[in-house]
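The sequence and structure are shown below.

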Amino acid sequence: MIKSKSIRPAGIVLAVFLTAGAVGAQENQQPYPTAPQPQYPQQQQYPPPQYPQQQTAPPQYPQQSQAPYPPAPAGQYPAAPAPVLAPQQLDQIVAPIALYSDPLLAQVLTASTYYSEIPDAATWANQHRYLTGAALAQAIQDDQLPFDPSVQALLPFPQVLDYMARNMAWTQALGNAVLAQRPEVMDAVQRRRQQAYDYGYLRSNPYERVEAVTPYNVEIIPVNPGAYYVPIYDPYVVYARPRSGFVGGAIRFGSAVSLGVSFAPWGWGGVGFGWRDHSIRVAGRPWERSWVNRRGYVAPYAIRPYSGRQMERHDMHEYHAHEEHHDDHHH
């Protein structure tokens with residue numbers, strides 16, 4: 001576990017609910033979770049959170065991020081057959097992230113395969129969210145974090161890691177699907193994007209360029225290659241036929257996350273998809289982790305996770321909620 005010297009609750013709130021269903025073999029033999037559903041508005045305050053391991057009713061989560069997160073699944077790589085999920089289930093899994101830009105989505109998919117590391121990474125990201133740019137990149141290296149490089153690549157996005165850490169059943173299902181059915185996962189992303197495009201929700205905007213190259217080949221590319229925005233949307237809205245006059249504003253964006261050359265070692269600047277051949281490319285090279293080689297795969301990154309004792313080498317800073325300013329935009 002990563003030890004922290006100070007932490008204050010902060011971040012973007014996502015309220016979610018989990019529903020269940022099952023197809024194929026599951027590693028933990030639990031009911032299959034569908035994608036959690038975000039709820040808005042963002043600026044609402046809630047009482048301190050509780051994190052039950054088993055949820056039988058739609059949970060209400062607080063706006064502010066707060067550790068500890070629910071524990072990561074035990075036994076990440078048991079000897080079990082690969083789970084096989086139906087297209088409808090994969091559509092549900094990718095619904096909350098399918099409209100992320102291609103580079104950010106590729107990093108989320110690869111990081112989800114190391115789901116046991118997500119809670120600790122989310123805690124570290126929340127503790128250091130006052131850092132940005134080169135200072136954040138330096139802190140990641142100074143602290144010699146033990147996470148896989150794909151997980152480290154998401155540390156500039158504490159709101160994304162927070163969402164994944166709060167919904168570990170979903171994150172584990174996503175990671176297993178990426179390992180066992182990557183082509184089908186990518187096809188599900190394209191089905192969701194095509195739906196949002198056909199209904200008029202997914203369009204180019206000042207932050208992202210949407211290119212419908214061919215049917216079911218929709219690319220989402222940042223307008224500024226060094227600036228990434230996390231889209232905020234309700235999956236139950238953007239993948240359904242809109243009522244008249246209700247298309248505008250369904251997808252919003254928070255503040256930009258600037259990733260310059262300092263983050264090139266984590267693959268940024270050379271990450272995306274080969275949609276035709278169902279490949280993920282990180283640092284300009286194929287990412288080829290699968291269900292078969294998941295125990296020994298070494299990613300094509302310049303950064304390697306640290307296997308020894310983690311050390312805090314930089315000054316800590318007490319984060320206060322009023323220090324973060326959200327600049328949501330509509331298109």
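## Overall picture

Of the 331 residues of the protein, 54% count as buried, and it should be kept in mind throughout that this is a predicted model. The protein has nine helices and 12 strands. Among the contacts with a separation of 6 or more, 76% are accounted for by residues 24 or more positions apart. The accessible surface comes to about 14,500 Å², and carbon and sulfur atoms contribute 53% of this surface.

## The helix pair α1 and α8

Helix α1 and helix α8 have axes that come within 9 Å and cross at roughly 70 degrees, and at that angle α1 is roughly perpendicular to α8. The crossing of the two helices is right-handed. The residues that make the contact are set out by helix in the table.

| Helix | Residue range | Residues in the contact |
|---|---|---|
| α1 | residues 87–94 | Pro87, Leu90, Asp91, Gln92, Val94 |
| α8 | residues 182–198 | Glu184, Val185, Ala188, Val189, Arg191, Arg192 |

Sorted by class, the contact of α1 with α8 has six nonpolar residues, one polar residue and four charged residues.

## Pro225 in its loop

Pro225 is placed in the loop between β4 (217–222) and β5 (227–228). Is this residue, Pro225, buried or exposed? With a relative accessible area of 62%, Pro225 is exposed, since the cut-off for that class is over 50%. Tyr207 lies 18 residues apart from Pro225 along the chain, and the C-alpha atoms of these two residues are separated by 10.0 Å.

Note on methods. Residues are numbered from 1 along each chain as its sequence is written. This is a predicted model: local features need pLDDT of at least 70, side-chain atom pairs count only at pLDDT 80 or more; totals for chains, interfaces and linings use all residues. Side-chain values use heavy atoms; hydrogens and water are left out. Helices (H or I, at least four residues) and strands (E, at least two) are DSSP runs, numbered from the N terminus. Buried means under 20% relative accessible area, exposed over 50%, partly exposed in between (1.4 Å probe, protein chains only). Contact means heavy atoms within 4.5 Å. Accessible areas come from the Shrake-Rupley method with a 1.4 Å probe; for residues, only the protein chains shown count as cover. Axes are lines fitted to C-alpha atoms, for helices over the stretch in contact, and angles run from 0 to 180 degrees between N-to-C directions. Angles under 35 degrees count as roughly parallel, over 145 as roughly antiparallel, 65 to 115 as roughly perpendicular and the rest as oblique. A crossing is left-handed if the near helix is turned anticlockwise from the far one by less than a right angle, and right-handed if clockwise. Ala, Val, Leu, Ile, Met, Phe, Trp, Tyr, Cys and Pro count as nonpolar, Asp, Glu, Lys and Arg as charged, and the others, Gly among them, as polar.
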